[in-house]
Amino acid sequence: MLTDDEMLEIEERLRNITSGRWAIYKRSKRAISHWITRIGADGQSLWTWPGFIQTSYKEDAVFIAHAPDDIRRLIEHMRELEESYANA
């Protein structure tokens, strides 16, 4: 079971990540590497080296790129469930 302190730690880590939407970028169809990068307000990839994550496996890249939004949604869902159980 997840404790309140553990949930707060997860939320803190989520608040401290690079802001903005994350996406997968592949330089060409023949490239082996998949890069995960942040997307700016204009919808363009922000190419700053410290923000890159590289993997050779597309499935890993998809998971990593979606993690911030997925975790945010899971936390919101858990908070809603906690509230509904507390009010039951």
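**Figure 1. Asp-69, a partly exposed residue, and its partner Arg-72.** Asp-69 has a relative accessible area of 38%, so it counts as partly exposed. Here buried means under 20% relative accessible area, exposed means over 50%, and partly exposed lies in between (1.4 Å probe, protein chains only). This is a predicted model: local features need pLDDT of at least 70, side-chain atom pairs count only at pLDDT 80 or more, and totals for chains, interfaces and linings use all residues. Residues are numbered from 1 along each chain as its sequence is written, and side-chain values use heavy atoms, with hydrogens and water left out. The side chain of Asp-69 meets that of Arg-72 in a salt bridge, 3.1 Å from N to O. A salt bridge is a side-chain nitrogen of Lys or Arg within 4 Å of a carboxyl oxygen of Asp or Glu. Both residues sit in helix α2, three residues apart, about one turn of the helix. Arg-72 is also partly exposed, at 34% relative accessibility.

**Figure 2. A network of salt bridges joins Glu-11, Arg-79 and Glu-82.** The three residues are linked through salt bridges that share partners. One of these pairs is Arg-79 and Glu-11, with 3.0 Å from N to O. Arg-79 belongs to helix α2 (residues 58-86) and Glu-11 to helix α1 (residues 4-15), so this pair ties together parts that are 68 residues apart in sequence. Is Glu-11 buried or exposed? Glu-11 is buried, with a relative accessible area of 14%. Arg-79 is partly exposed, at 28% relative accessibility.

Figure 3. Glu-12 is partly exposed, with a relative accessible area of 37%. Arg-15 reaches 57% relative accessibility, so it counts as exposed. A search of the whole structure finds four salt bridges.

**Figure 4. Helix α1 and its two sides.** Helix α1 has 12 residues. From its first C-alpha to its last, α1 reaches 16 Å, close to the 16 Å expected at 1.5 Å a residue. That expected span is 1.5 Å times one less than the number of residues. Which residues of α1 are buried? They are Met-7, Glu-11 and Leu-14. Seen down the axis of α1, the buried residues fall within an arc of 60°, so they line one face of the helix. The arc is that of the directions from the helix axis to the C-beta atoms. What covers these buried residues includes α2. The face turned away from the buried side carries the exposed residues Asp-5 and Arg-13.

**Figure 5. The whole protein chain, with two helices and four strands.** Along the sequence, the elements follow the pattern α-β-β-β-β-α. Helices (H or I, at least four residues) and strands (E, at least two) are DSSP runs, numbered from the N terminus. The chain has 88 residues, and 22% of them are buried. Take contacts (heavy atoms within 4.5 Å). Among contacts between residues at least 6 apart in sequence, 34% join residues at least 24 apart. The chain exposes about 7,100 Å², of which carbon and sulfur atoms supply 54%. Accessible areas come from the Shrake-Rupley method with a 1.4 Å probe; for residues, only the protein chains shown count as cover.
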